[in-house]
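The following paragraphs lead the reader through a protein structure, one region at a time. Please keep the sequence and the model in view while reading.

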Amino acid sequence: MQAITVQDREAGARGLALVELPRPHAAENDVIVQVHAAGFTPGELDWPGTWTDRAGRDRTPSVPGHELSGIVSELGYGTTGLSVGQRVYGLTDWARNGTLAQYTAVEARNLAPLPADVDHVTAAALPISGLTAWQALFDHARLRTGQSVLVHGAAGGVGSIAVQLAREAGAQVIATGRADDRDTALALGAHAFVDLQAQKLEDLGDVDVVLDVIGGDILKRSTALVRPGGTLVTIAEPVSVHPHQARAVFFVVEPDRVRLSDLAQRVRDGRLKPIIGDVRPLTEAIAAFTPDKRTPGKTIIRIADN
């Protein structure tokens, strides 16, 4: 099978290569998925799990990408709840070969059935972004109707879904991004937009929840915006400056089959629309890691035509 691999940590994206690999075989409680569409995170080349397994052993050459949509082609011993030929989508383990390949092995519990009327490209944009947005807003920040939430990176994969979920939950949503993200954020349901290049965050006043996907200076400045009793949630980096009389949470997204099923149903109902910025074939996946232009939304790699 064809797959993208990475072997040299120092080389970063320059070390990516399109190669031929043997098809994986299903271990206990695994399924093999024929990947039709896959998502990736450019920063994952810096993640420890890309380079070592859970015991700390080198596992290169490894296959990046952790989001997929496709068809179950093989079941491992003891696997229940899924069947060969079934459409599925989900999230692969951080420390195993990923989804930028024609086939990949996934723990069955990390996959959810995919309805026939949700296409593979759309589904592949959901797992990390959808689960991250949900867990940030509702599991960690405990967002409630009537509260205010500031969503950084509102035109990106996580931010665009967070804006939609927060608006549907009855929150007052303030979105941030660059000037050319304004129309996208407002169309998704944001009540207000802040251009981070031209406006001051400090002029916003207090909010109940901040969802940060940027880190660095934006994360530090955002701590002053959280009112007492509120929550700052970030996926970018551990929090070094904490908000006054408020909570700060850094977390890594976790698989959740039930929530994946819920997200797919929201897409079917028209209540949730992932923003897909670019769709490329597997042969262009390496270039997608270092794009020559900025595209709002999630880049998806289409691996099978059907």
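Over the ring of which residue does the charged end of Arg259 sit? The model in view is a predicted one, and in it the charged end of Arg259 is placed over the ring of Trp134, at 3.8 Å from the centre of that ring.

A residue is called buried when its relative accessible area is under 20%. Twelve of the 14 residues of α2 are buried, and the helix is therefore largely enclosed by the rest of the structure.

Just after α2, the backbone has a feature of its own: Arg142 takes a positive phi of about 55°. Arg142 belongs to the loop between α2 and β8, the latter being residues 148-151. Most residues other than glycine have a negative phi, and most peptide bonds are trans. Asn29 also has a positive phi, near 70°, although the residue is not glycine. The loop between β2 and β3 holds Asn29. Asn29 counts as partly exposed because its relative accessibility is 37%, and the range for that class lies between 20% and 50%. A further backbone feature concerns a peptide bond: the one from Thr60 to Pro61 is cis, with omega near 0°. Pro61 is situated in the loop between β3 and β4.

How many aromatic pairs does the structure hold? There are three aromatic pairs, and two of them are described here. Phe40 and Phe289 form a stacked pair, with 4.3 Å from centre to centre and 25° between the planes. Because Phe40 lies in the loop between β3 (30-39) and β4 (67-75), while Phe289 lies in helix α7 (residues 285-289), this pair ties together parts of the chain that are 249 residues apart in sequence.

Trp47 is partly exposed, with a relative accessible area of 29%. Trp94 is likewise partly exposed, at 22%.

Leu18 is found in strand β2, which spans residues 16-20. Which residues does Leu18 touch, leaving aside those up to four places away in sequence? They are Gln2, Ala3, Ile4, Leu282, Thr283 and Ile286. The C-alpha atoms of Leu18 and Glu284 are separated by 9.3 Å, although the two residues are 266 residues apart along the chain. Leu18 is partly exposed, since its relative accessible area is 34%.

It remains to consider the spaces in the model. The largest pocket has a volume of about 1400 Å³. It is lined by 44 residues, and those closest to its centre are Thr41, Pro42, Gly43, Val158 and Val213. The helix α2 returns here, for the elements that give two or more residues to this lining are α2 (127-140), α3 (157-168), β14 (276-281) and β15 (298-302). By class, the lining of the largest pocket comprises 21 nonpolar, 14 polar and nine charged residues.

A cavity, unlike a pocket, is a space from which the probe cannot get out. One cavity of 30 Å³ or more is found in a search of the whole structure, and the largest cavity has a volume of about 40 Å³. Its lining is made up of Gly216, Leu219, Lys220, Thr223, Glu237, Pro238, Val239, Ser240 and Val241. Four of the residues in this lining are nonpolar, three are polar and two are charged.

Conventions. Residues numbered from 1 in each chain as written. Predicted model: local features only at pLDDT ≥ 70, side-chain atom pairs only at ≥ 80, totals over all residues. Heavy atoms only, no water. 1 Å grid on protein atoms, 1.4 Å probe; cavity = no way out; pocket = protein on both sides within 12 Å on 5 of 7 lines; lining within 4 Å. Points joined across faces, edges and corners; volume = space filled by probe spheres on them. Nonpolar A, V, L, I, M, F, W, Y, C, P; charged D, E, K, R; others polar. Helix = DSSP H or I, 4+ residues; strand = E, 2+ residues; numbered from the N terminus. Buried < 20%, exposed > 50% of the residue type's maximum accessible area, 1.4 Å probe, protein only. Contact = heavy atoms within 4.5 Å. Phe/Tyr/Trp six-rings, centres within 6.5 Å; stacked < 30°, edge-to-face > 60°. Lys NZ or Arg CZ within 6 Å of the ring centre and 35° of its normal.
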